Amino acid sequence: MEQVDEELSKSISKKAAKKEAAKQEKLRRRQEAALASAASSIAIGEEEDPLAAKYGNVPLYELQSKEETDLSEWTRVGDLSEGLKDKEVLIRGRAQTTRAVGKNMAFVVVRQKGFTVQCVVTAQPEFVSRQMVKFVAGLSRESIIDVQGLVSVPSVPIKGTTQQVEVQVRKLHCISKAMPTLPINIEDAARSEKEIEEALQAGEQLVRVNQDTRLNYRVLDMRTPANQGIFYIQHEVGSIFRKFLESEGFEEIHTPKLMAGTSEGGSAVFKLDYKGQSACLAQSPQLHKQMAICGDKERVFEVGPVFRAEDSYTHRHLCEFVGLDVEMEIKKHYSEVMDIVDRLFVTVFNHLNEKCKKELDAVRRQYPFEPLKYLRKTLRLRFEEGVQMLKDAGVEIDPYGDLNTESERKLGQLVLEKYGTEFYILHRYPLAVRPFYTMPCYDDTKYSNSFDVFIRGEEIISGAQRVHVPELLEERAKACGIDVNTITTYIDSFRYGAPPHGGFGVGLERVVMLFCGLNNIRKTSLFPRDPLRLAP
């Protein structure tokens, strides 16, 4: 069934891409015509404005870093508050909306990093001319503008802006003019499905921006409040990942992404020519992070790109993603690795819930989701226990096979009902379904010292104790169909003495997707790469 869905998705995506290309060409012609029209409509012989220096388009030569500036002169939109009443401020942001009220007044909402403020332009002698009001009313949306003016506090609350003050404009200059007609409007891209459905029921049709269009114009799509929130949350996950591991004695390393052989086995690799030699992009930093342990680094981690050439058209697969990888020496048991996973992710989840409330609310407004349920001490289940839970629920599972997507979701549902958590660890997986470098269990070689970690019924982490004995490593590699000659330097590193060790790998985009209850990993990838997308 999943294969049928993938083929259908692939077919739909190709049609959508072709349709989008035609749409882009049409838009390009329309924009060129609009620019030409604007250029030809410049007023000739209009009355000279004595206040002309207070507004207008800033010429390029003025923006070529002619003079240094004192950054303390500038105020961030998010910092505008009642405490600045009657103070003069200088702000920069995007013209989100403009509205003229006759010839003597215009409003422009300025947006910066998700914060918005209403700026009022009122014609008055010595400060603001009618020509300036006209200029402001004619600004194209998303243009970048500098505004200088006095902060005022209106008597009634302001709807539609984050800041509850206004700026009475004295000067306004356009730094970068946006096209008159944008491919997508930010307010359309920021709309939730609920809003669209409610409008349809009321007999009104609102614009729905589909995923391909969003990704084709990702720079615009990124400006929505939800996306600002998503990618800030992603930043925080990476930041806490680093800080936590450093506090536990881990060091960050950087491993090569060009390799002579595969790092995970299988055929899902991007092959390339490397100065006449056959090479491929790294499927993970697995081999090199283990070699770092052999080099006495003891505890290491890496944040970097991972490449998978899988023809997967699902909601959770990408051809390139950000890997959060960890490797560490083990003293006695691979549970030491699971202890790190436990504390690391509980720390991440606590931090996001406490420090990212505004961003989570922004995401939730467009993509409603329930907060993640997790325990302060992460639940651990043996693979056999998970299989038994599924069997008890009427799902037949091969006890020595892997769980498919449907089984993982079902088990996630059963775990939530029984233990009240959507985040748990499943360990002692069958050896046959794990990579060649996975250590077999001491008491039953059909199983391995490995684990997966799940959020909302979907896998986010694979980890294990590694084989550190070179003879066993060679044997396992051959059994998994890997050409040992391509990984000789890796295997040789264990011949010089290697401590017992283990680790895990996490997909950053998948963690954010599942924590925020999103339905597609492309929403959490800044510029996603999948089997059909190589641009922008």
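Student: Where is P536 found?
Tutor: In this predicted model, P536 is in the segment after α15.

Student: What kind of peptide bond joins A535 and P536?
Tutor: The bond between A535 and P536 is cis, with omega at about 5°.

Student: How are helix α7 and helix α15 packed, and at what angle?
Tutor: Helix α7 (residues 225-247) packs with helix α15 (residues 508-515) at an angle of about 120°, and their axes are 10 Å apart. That angle makes α7 oblique to α15. The range from 65 to 115 degrees counts as roughly perpendicular, and roughly antiparallel needs an angle over 145.

Student: In which hand does α7 pass α15?
Tutor: The crossing of α7 and α15 is right-handed.

Student: Which residues of α7 and α15 meet?
Tutor: From α7, I230, I233, Q234, V237 and G238 take part, and in α15 they meet L508, E509, V511 and V512.

Student: Which residues of helix α13 are buried?
Tutor: In α13 (residues 470-479), the buried residues are P470, L473, R476 and A477.

Student: Why are they said to be on the same side of α13?
Tutor: Around the axis they cover an arc of only 125°, which puts them on the same side of α13. On the other side, E471, E475, K478 and A479 are exposed.

Student: What covers the buried residues of α13, and what follows the helix?
Tutor: The cover includes α14 (488-492). After α13 comes G481, with a positive phi near 75°.

Student: What is the strand order in the open sheet of 3 strands?
Tutor: The order is β8-β10-β9, and the pairing is antiparallel.

Student: Why do β8 and β9 stand at the edges?
Tutor: β8 (258-259) and β9 (271-274) each have a single partner strand, so one side of each is left without a neighbour in the sheet.

Student: How many bridges join β9 to β10?
Tutor: There are 4 bridges between β9 and β10 (residues 277-281), and the two strands run antiparallel. Opposite L272 stands A279 in β10.

Student: What makes the phi of R428 worth a remark, and where is R428 placed?
Tutor: R428 has a positive phi, near 65°, in a residue other than glycine. R428 is placed in the loop between β14 (423-427) and β15 (450-455).

Student: Is R428 buried or exposed?
Tutor: The relative accessible area of R428 is 7%. Buried means under 20%, so R428 is buried.

Student: What is the phi of R456, and where does R456 lie?
Tutor: R456 is not a glycine, yet its phi is positive, about 50°. R456 lies in the loop between β15 and β16 (458-465).

Student: Why is R456 called partly exposed?
Tutor: Its relative accessible area is 23%. Buried needs a value under 20% and exposed a value over 50%, so R456, in between, is partly exposed.

Student: Why does P180 count as partly exposed?
Tutor: P180 has 44% relative accessibility, which lies between the cut-offs of 20% and 50%, so P180 counts as partly exposed. The place of P180 is the loop between β6 (166-176) and α3 (186-189).

Student: How far apart are P180 and I425?
Tutor: In sequence P180 and I425 are 245 residues apart, and in space 52 Å, C-alpha to C-alpha.

Key
Residues are numbered from 1 along each chain as its sequence is written. This is a predicted model: local features need pLDDT of at least 70, side-chain atom pairs count only at pLDDT 80 or more; totals for chains, interfaces and linings use all residues. Side-chain values use heavy atoms; hydrogens and water are left out. Buried means under 20% relative accessible area, exposed over 50%, partly exposed in between (1.4 Å probe, protein chains only). The arc is that of the directions from the helix axis to the C-beta atoms. Contact means heavy atoms within 4.5 Å. Two strands pair if DSSP finds at least two bridges between them. Axes are lines fitted to C-alpha atoms, for helices over the stretch in contact, and angles run from 0 to 180 degrees between N-to-C directions. Angles under 35 degrees count as roughly parallel, over 145 as roughly antiparallel, 65 to 115 as roughly perpendicular and the rest as oblique. A crossing is left-handed if the near helix is turned anticlockwise from the far one by less than a right angle, and right-handed if clockwise.
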